[in-house]
Amino acid sequence: MDRADNRTGIFHTINGETREIVVERPDRRLLEIYSSWTPAQRLQAAAEQTRYMLQALAAQLQSLHPDWSPQQVNREVARRQLEDRL
Amino acid sequence: MTYGELRTTRDVDVVVSLRGVDVPRLLARFPLSDYYHDEAAALEAVRTGGEFNIIDNERGLRIDLFVADDEIAERQIAHARRLGIPSGGTAMFSAPEELILMKMKFYAMGWTEKHLRDVAGMLDRPDAQIDEARVAVLAGEYGLSHVWEAVQRRRQQD
């Protein structure tokens with residue numbers, strides 16, 4: 001989540017509106033945790049995160065569309081993963 | 001993710017209705033041997049209607065807890081939907097209309113433009129089932145019409 005200390009002091013115009021550019025800086029404590037991981041642990045965490053995300057989306061889609069078969073849910077997950085190119 | 005583009009994150013945002021007296025009991029569920037949290041920060045968030053976080057030290061995951069302090073947040077809780085989660089159980093998730101309002105509020109507060117992109121992405125999904133008329137009315141009620149108009153301009157540009 002972005003916070004007030006993520007402000008850059010740099011402004012630009014977008015949609016006809018001048019706004020300060022705000023970036024999301026990573027949490028210092030999370031950075032310390034990630035820095036302590038080995039490359040293998042980082043890869044494993046990325047894989048687990050991706051797997052969880054896909055499982056979460058499937059579970060949510062099944063709730064939103066209780067009439068869908070598991071195949072339909074999987075196809076929708078794949079479609080979104082491929083950015084609607086399926 | 002549920003209503004918009006698919007992207008990963010290492011944190012989860014939770015809107016909570018929380019009193020100061022409940023803070024110790026909540027944080028006790030997250031032992032300091034495994035999690036980071038700051039009770040003073042949590043109490044300050046309750047007092048000011050801000051946010052605080054809980055970090056899973058082993059897995060590097062963060063929960064951002066937003067203390068409900070306005071009508072939009074209260075709407076998020078009141079209109080939440082129960083959806084499935086990977087464990088096989090369920091959890092309450094914000095309805096898309098309230099999520100859009102909250103993202104527009106954050107954008108109006110000067111937070112990142114990611115929120116505007118998220119809203120446009122949610123609305124432009126081919127299977128989106130979002131009551132845009134209701135969002136427009138609520139945006140007006142909460143002083144967010146200018147952001148709603150910015151969303152529409154962005155959709156036309158995309």
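Biologist: What makes A:Ala59 count as buried or exposed?

Modeller: A residue is buried if 20 or more other C-beta atoms lie within 10 Å of its own, exposed if 12 or fewer, and partly exposed in between, with C-beta atoms placed from the backbone. A:Ala59 has 21 C-beta neighbours inside 10 Å, so A:Ala59 counts as buried. Bear in mind that this is a predicted model: local features need pLDDT of at least 70, side-chain atom pairs count only at pLDDT 80 or more, and totals for chains, interfaces and linings use all residues. Residues are numbered from 1 along each chain as its sequence is written, while chains are lettered from A and ligands numbered from 1 in the order in which they are written.

Biologist: Which residues does A:Ala59 touch, leaving out those up to four places away in sequence?

Modeller: B:Gly84, B:Ile85 and B:Pro86. Touching means that the C-beta atoms, placed from the backbone, lie within 7 Å.

Biologist: Why is H6(B) called oblique to H7(B)?

Modeller: Their axes come within 7 Å and cross at roughly 140°. Axes are lines fitted to C-alpha atoms, for helices over the stretch in contact, and angles run from 0 to 180 degrees between N-to-C directions. Under 35 degrees is roughly parallel, over 145 roughly antiparallel, 65 to 115 roughly perpendicular and the rest oblique. That's why H6(B) is oblique to H7(B).

Biologist: And which residues meet there?

Modeller: B:Ala136, B:Ala139 and B:Gly140 in H6(B) meet B:Ser145, B:Val147 and B:Trp148 in H7(B).

Biologist: How much of chain A is buried?

Modeller: Buried residues are 7% of its 86 residues.

Terms used: Two residues are in contact if their C-beta atoms, placed from the backbone, lie within 7 Å. Helices (H or I, at least four residues) and strands (E, at least two) are DSSP runs, numbered from the N terminus.
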